[in-house]
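Please keep the model open while working through them.

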Amino acid sequence: MKHISIIVSGKVQGVFFRISTEKEAKKIGVTGFVRNEKDGTVYIEAQGTEKQLDDLVEWCKRGPDRARVDAVVVKEILLGEEKEFKVMR
């Protein structure tokens with residue numbers, strides 16, 4: 001298991017990025033959370049196998065239909081205790 005943080009920038013707020021990320025994460029089978037940041041980015045923490053996380057990162061590079069992703073920054077972080085994937089405010 002790995003735990004990563006993902007910061008997605010571009011036109012990623014107001015385009016259903018968080019709810020779409022939650023759906024995709026649950027489909028892939030990762031746990032964690034997604035939230036909007038004050039600087040206009042979307043912050044994600046996700047935990048799963050390397051393949052699951054790679055799949056989520058690849059999805060984040062596209063995002064939902066209305067999004068425009070300019071950059072995706074991924075960092076490995078310490079394992080968390082997440083039991084599900086959720087949207088945070």
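1. Basis of the model. The model is predicted, so local features need pLDDT of at least 70 and side-chain atom pairs count only at pLDDT 80 or more, while totals for chains, interfaces and linings use all residues. Residues are numbered from 1 along each chain as its sequence is written, and side-chain values use heavy atoms, with hydrogens and water left out.

2. Strand β1 and strand β3. Helices (H or I, at least four residues) and strands (E, at least two) are DSSP runs, numbered from the N terminus. Two strands are said to pair if DSSP finds at least two bridges between them. Strand β1 covers residues 2–11 and runs antiparallel to strand β3, residues 42–48, with seven bridges joining them. Within this pairing, Ile4 has Ala46 of β3 as its bridge partner.

3. Strand β1 and strand β4. Strand β1 is also joined to strand β4 (residues 68–77) by nine bridges, and these two strands run antiparallel. Here His3 is placed opposite Ile77 of β4.

4. Glu24 in helix α1. Helix α1 spans residues 17–28 and includes Glu24. Is Glu24 buried or exposed? Glu24 has a relative accessible area of 15% and is therefore buried; the term means under 20%, whereas exposed means over 50% and partly exposed lies in between (1.4 Å probe, protein chains only). Apart from neighbours within four places in sequence, Glu24 is in contact (heavy atoms within 4.5 Å) with Leu56 and Trp59.

5. Glu22 is buried, at a relative accessible area of 14%. Another links Lys27 to Glu24, with 3.6 Å between the closest N and O atoms. Lys27 and Glu24 are three residues apart in helix α1, again about one helical turn. Lys27 is exposed, with a relative accessible area of 65%, whereas Glu24 is buried.

6. The salt bridge of Asp70 and Arg68. The side chains of Asp70 and Arg68 form a salt bridge with an N to O distance of 2.9 Å. Arg68 is partly exposed, its relative accessible area being 46%.

Terms used
Salt bridge = Lys/Arg side-chain N within 4 Å of Asp/Glu carboxyl O.
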